[in-house]
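Here is a short report on one protein model. Keep the structure in view as you read.

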Amino acid sequence: MEAKAVAKYVRMSPSKLKPVADLVRGKNLEEALTILKFTPGKGAEIFEKVMQSAAANAENNFDLDRDNLYVAEAYANQGPTMKRWRAGARGGASMILKRSSHVGVTLKEKDEE
């Protein structure tokens with residue numbers, strides 16, 4: 001059984017979020033939350049929030065035990081990009097790309113074998 005949570009249209013570049021996803025992928029839930037708590041930056045806060053939501057989904061919707069959960073998937077995909085401009089040299093315009101992301105976490109229960 002697996003539980004998912006997704007945060008869409010997060011106003012942060014996926015290139016800043018992907019290293020945080022790599023930190024927690026494959027870890028136990030509590031270990032991953034501890035890592036995120038002591039990781040600096042806004043990306044860790046976003047992942048922590050999504051992970052807490054996935055854990056709540058697992059407990060409330062699927063009656064899974066929180067102690068047996070691990071992070072099966074953690075990803076930060078590209079969302080839509082807002083295009084803005086800024087005055088450039090010689091009367092031209094320079095593009096400013098404000099990127100966004102879709103952040104997702106999937107928690108699965110460990111197989112007791």
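## The model

The model is predicted, so local features need pLDDT of at least 70 and side-chain atom pairs count only at pLDDT 80 or more, while totals for chains, interfaces and linings use all residues. Residues are numbered from 1 along each chain as its sequence is written, and side-chain values use heavy atoms, without hydrogens and water.

## The core

The largest nonpolar core has 28 residues. Such a core is a set of buried Ala, Val, Leu, Ile, Met, Phe, Trp, Tyr and Cys residues joined through side-chain atoms within 4.5 Å. Buried means under 20% relative accessible area, exposed over 50%, and partly exposed in between (1.4 Å probe, protein chains only).

Phe47, Met51, Val103, Val105 and Leu107 have the most contacts inside this core. At least two core residues come from each of β1, α1, α2 (29-37), α3 (42-62), β2 (69-78) and β5 (101-109). α3 gives the most, with eight residues. Helices (H or I, at least four residues) and strands (E, at least two) are DSSP runs, numbered from the N terminus.

## The charged patch

Arg11, Lys16, Lys42, Arg84 and Lys98 form a patch of positive charge on the surface. Patch residues have over 30% relative accessible area and no salt bridge, and like charges are joined within 9 Å. A salt bridge puts a side-chain nitrogen of Lys or Arg within 4 Å of a carboxyl oxygen of Asp or Glu.

Arg11 sits in the loop between β1 (2-10) and α1 (14-24). Arg11 counts as partly exposed because its relative accessibility is 42%.

## Positive phi

Which residue in strand β1 comes up here? Tyrosine 9 lies in that strand. Tyrosine 9 is not a glycine, yet its phi is positive, about 60°. Arginine 90 also is not a glycine, and its positive phi is near 55°. Arginine 90 lies in the loop between β3 (82-87) and β4 (93-98).

Terms used. Patches are made of residues with over 30% relative accessible area and no salt bridge: like charges are joined within 9 Å, nonpolar side chains (Val, Leu, Ile, Met, Phe, Trp, Tyr) within 5 Å. Accessible areas come from the Shrake-Rupley method with a 1.4 Å probe; for residues, only the protein chains shown count as cover. Lys and Arg count as positive and Asp and Glu as negative; His and the chain ends are not counted. The place of a charge is taken as NZ of Lys, CZ of Arg, CG of Asp or CD of Glu.
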